[in-house]
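Here is a short briefing on one protein structure. Look it over first, then read the points by topic.

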Amino acid sequence: MSARSGLGLLIAAATVALASVVVPSASAGTASRAAAAPPRTPSVATLPASAHAAPGIPGTVVLDGGRLRRTRIRLDHGDRRLAFSLRELTARADNWLDQGPWTVVDKPKPAPGGDVHDYLSQAPYWWPSRPATADNPWGCPYVQRDGQRNPEVDTGTDRQDVEKVFDSTYDLALAWYYTGRKQYAEKASLVLRIWFLDPATRMNPNLDHGQFIPCKYDGRAIGIIDFSQSYTSVLDAIAVPDTGAPGWSRRDRSAMLDWNTGFRDWLTDSAFGKEEGAARNNHGTFYDLQLAALAYATGDKDLARRTVLAAGALRVDPQIAADGSQPQELARTRSWHYSTFDLVAYTRLAAIGRHVGVDLWKYRGPDGQSLFKAVDYLLPAATGAEPWNHPELEFHRFAASDVVHAAADAGDPAARAAVSKLEAPPGGDLWALRPAAEQLDSIAG
């Protein structure tokens, strides 16, 4: 049987398995609940600057645009708890105002092939085995040390800058949506244009040179995770300004759509994209997340729906055990990090499913595997009730907070009971303002 035929059978099996969890659109019910809820008496002291010109519902990809709109209304009417979270978000946004913009063309050396517009990153867990010499300037051959990050990967490539692009545009776009302060929208728009759109500084829509290994590989399929772990936040950061933000034009929107369409096609058609899609660990889960998100953002809702449907048999069944553990991730030297990391992809993929009528949370595998079980497996350590008894070089209890929030919102009673016991991440718990999971500890590698 060919790989393509095998994948087709897996997708077909997943479609059958998930047929019972396909759900109708919730927009009508959401609208009626929102209309039925009486507004609170506004407090003038806590009203955002643009409270009388609140933006509409953004067509977000992972985030629930209707929920963002309702949160904005609650802020306008003086919700003090949300106002506290908003101060934490705007502090982050303020920090970005005097940074960047960043561009892919300013790295010291171009990617292999010589095009400075090609993205370049270096494999984080590979180290030189010999001292650098004039004849061997890299110290080749490189050897792998799983979980140990080589500091040289943070210099000379685009990885650090692109993460700043992802984080800044997300924070700035959301801060604009909730406050109406134009400086946030204008800075987010500038960052997006310089990295993705301006002919002199734009990135080519491919990852041909992601996570290269000196003297070994010019690029690798697993380099796709440099984008798949965070780029879906950028898709939401693009959708939010479409509700009327200053500095983001129709021309920008059209050009960004073209870039995303090209990137989507590269993911589906390139050899690296096909290899990453065939991965059976967190790389495969994140590939599905990125593909479904790009498909939805570029108007191919059928591809988005098929991708979420297939994730049951293709991802959940082989990756999650009957007890909710993720054996492949537990085998890593950073097992806590990678267990939460994989669930970030799953919970975000489930959020996209909401937009296309698929409830991935309701999927049950042949041994009872489910996303709920996978989150529940983390709860004893996430709440501090029990230690994490698996290898972990750098344990941070707060790393699980967002995925527990996601499970609680999806209806998991155990996760709901755990929310009050979670450890807030550095910078505060922003779930109420951006209810989609992020990896809260280091995502390096």
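Contact here means heavy atoms within 4.5 Å. This is a predicted model: local features need pLDDT of at least 70, side-chain atom pairs count only at pLDDT 80 or more, and totals for chains, interfaces and linings use all residues. Residues are numbered from 1 along each chain as its sequence is written, and side-chain values use heavy atoms, with hydrogens and water left out. Helices (H or I, at least four residues) and strands (E, at least two) are DSSP runs, numbered from the N terminus. Buried means under 20% relative accessible area, exposed over 50%, and partly exposed in between (1.4 Å probe, protein chains only).

**Trp388**
- Trp388 sits in the loop between H15 and H16.
- Its relative accessible area is 13%, so Trp388 is buried.
- Leaving out residues up to four places away in sequence, Trp388 touches Leu330, Ser335, Trp336, Ser339, Tyr377, Leu378, Ala381 and Phe395.
- Ser335 is 53 residues from Trp388 in sequence, yet their C-alpha atoms are 9.2 Å apart.

**Helix H16**
- H16 spans residues 401-409, and eight of its nine residues are buried, so the helix is largely enclosed by the rest of the structure.
- Among the buried residues are Ser401, Asp402 and His405.
- The buried residues of H16 pack against H14 (335-355), H15 (371-382) and H17 (413-418).
- Gly411 follows H16 and has a positive phi, near 110°.

**Disulfide**
- A disulfide is a pair of cysteine sulfur atoms within 2.5 Å, and by this rule the count is one.
- The partners are Cys140 and Cys215, with sulfur atoms 2.0 Å apart.
- Cys140 lies in the loop between strands S1 (126-128) and S2 (142-144), and Cys215 in the loop between helices H6 (182-197) and H7 (225-228), so the pair ties together parts 75 residues apart in sequence.
- The torsion about the S-S bond is about 70°, so the disulfide is right-handed.
- Cys140 is buried at 9% relative accessibility, whereas Cys215 is exposed at 58%.

**Helices H6 and H9**
- The axes (lines fitted to C-alpha atoms over the stretch in contact, with angles from 0 to 180 degrees between N-to-C directions) of H6 and H9 (residues 250-269) come within 11 Å and cross at roughly 40°.
- H6 is therefore oblique to H9; angles under 35 degrees count as roughly parallel, over 145 as roughly antiparallel, 65 to 115 as roughly perpendicular and the rest as oblique.
- H6 contributes Arg193, Phe196 and Leu197 to the contact, and H9 contributes Asp252, Ala255, Met256 and Trp259.
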